[in-house]
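Please read this briefing alongside the sequence and the coordinates.

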Amino acid sequence: MKSCPAEASGGHEAAVGFGSNLGQSLVILATAWQELAACPALTPIALSSPYRSQPLGMASDNWFVNAAALVRTTLPPDVLLRFLHTVEARHGRNRGQVSAVCQDRTLDLDLLLYDDLTLMTERLTVPHPRMAQRLFVLAPLAEIAADRIHPCYGKTIGTLLANLQQTSHGQLIERISW
């Protein structure tokens, strides 16, 4: 695939969050998954069901469709993130417009987890810093990786989801079908 990094040695398991609230979101997410699967440096492991979710932390009438995926990759985290941003750009996402306010988007691909790595650079924080406070991230991720341990909290994704569901403060999500 054009713009897909070449294969490298080794292999790591990464969790990727998918989101879209503009356009045909289900089609966009499914197409993005196919693009990731077509990259020689990525091997698909699992894709969750899609979840419809109310926008969180932003003013929008457009609900999101979210999903999570597990992939095996030979790419280091920073190169994987650049590739995810390339896929976003092919779907019309413009990350060049920096804003303090979250905005509607055709596609959002977030690197949630990368093995048990904890990393904080100017461009990338792994695990994703807000994933444990977001039902729209934890619900799909728990569907495919409930027993995965969050490297900072030392709890499983399933436990983090159960804890957040007790205190979700009005976060609305619902599982839908592809």
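The points below go from the overall fold to the cores, the helix packing and individual residues.

This is a predicted model, in which local features need pLDDT of at least 70 and side-chain atom pairs count only at pLDDT 80 or more, while totals for chains, interfaces and linings use all residues. Residues are numbered from 1 along each chain as its sequence is written, and side-chain values use heavy atoms, with hydrogens and water left out.

**Overall fold**

- The protein contains 4 helices and 8 strands, where helices (H or I, at least four residues) and strands (E, at least two) are DSSP runs numbered from the N terminus.
- Read from the N terminus, the order of the elements is β-α-β-β-β-α-β-β-β-α-α-β.
- Along the principal axes, the C-alpha atoms of the protein fill a box of roughly 45 × 35 × 35 Å.
- Of the 178 residues, 48% are buried, with buried meaning under 20% relative accessible area, exposed over 50% and partly exposed in between (1.4 Å probe, protein chains only).
- Among contacts with a separation of 6 or more, 70% are between residues 24 or more positions apart, a contact being heavy atoms within 4.5 Å.

**Nonpolar cores**

- A nonpolar core is a set of buried Ala, Val, Leu, Ile, Met, Phe, Trp, Tyr and Cys residues joined through side-chain atoms within 4.5 Å; the largest one has 29 residues, and F18, L36, L80 and L109 have the most contacts inside it.
- At least two residues of this core come from each of β1 (12-20), α1 (25-38), β4 (64-73), α2 (77-90) and β5 (108-114), and α2 gives the most, with 6 residues.
- Leaving out residues up to four places away in sequence, L36 touches F18, L42, F83, L84, V87 and L109.
- A second, separate core has 21 residues, including Y51, L135, A142 and L164.

**Packing of α3 against α4**

- Two packed helices are described by the angle between their axes and the distance between the axes.
- For α3 (residues 135-145) and α4 (residues 157-166), the axes come within 9 Å and cross at roughly 145 degrees; axes are lines fitted to C-alpha atoms, for helices over the stretch in contact, and angles run from 0 to 180 degrees between N-to-C directions.
- The contact involves L135, L138, A139, L141, A142 and A145 on the α3 side, and I157, G158, L160, L161, L164 and Q165 on the α4 side.
- These contact residues divide into 10 nonpolar, 2 polar and no charged, where Ala, Val, Leu, Ile, Met, Phe, Trp, Tyr, Cys and Pro count as nonpolar, Asp, Glu, Lys and Arg as charged, and the others, Gly among them, as polar.
- Because 10 of its 11 residues are buried, α3 is largely enclosed by the rest of the structure; the buried residues of α3 include F136, V137, P140 and I144.

**Backbone details**

- V126 and P127 are joined by a cis peptide bond, with omega about -5 degrees, and P127 is found in the loop between β7 (125-126) and α3.
- D115, in the loop between β5 and β6 (119-120), has a phi near 50 degrees, a positive value in a residue other than glycine; at 25% relative accessibility, D115 counts as partly exposed.

**Individual residues** (contact lists leave out residues up to four places away in sequence)

- R105 is found in the loop between α2 and β5 and counts as buried at 13% relative accessibility; R105 is in contact with S20, N21, L22, M58, F64 and R93.
- G92 also has its place in the loop between α2 and β5, but G92 counts as exposed, at 56% relative accessibility.
- R72 lies in strand β4 and counts as partly exposed at 39% relative accessibility, while touching G11, H12, E13, A41, L42, T43 and I45.
- K155, in the loop between α3 and α4, counts as partly exposed at 38% relative accessibility and touches R148, I149, H150, L160 and N163.
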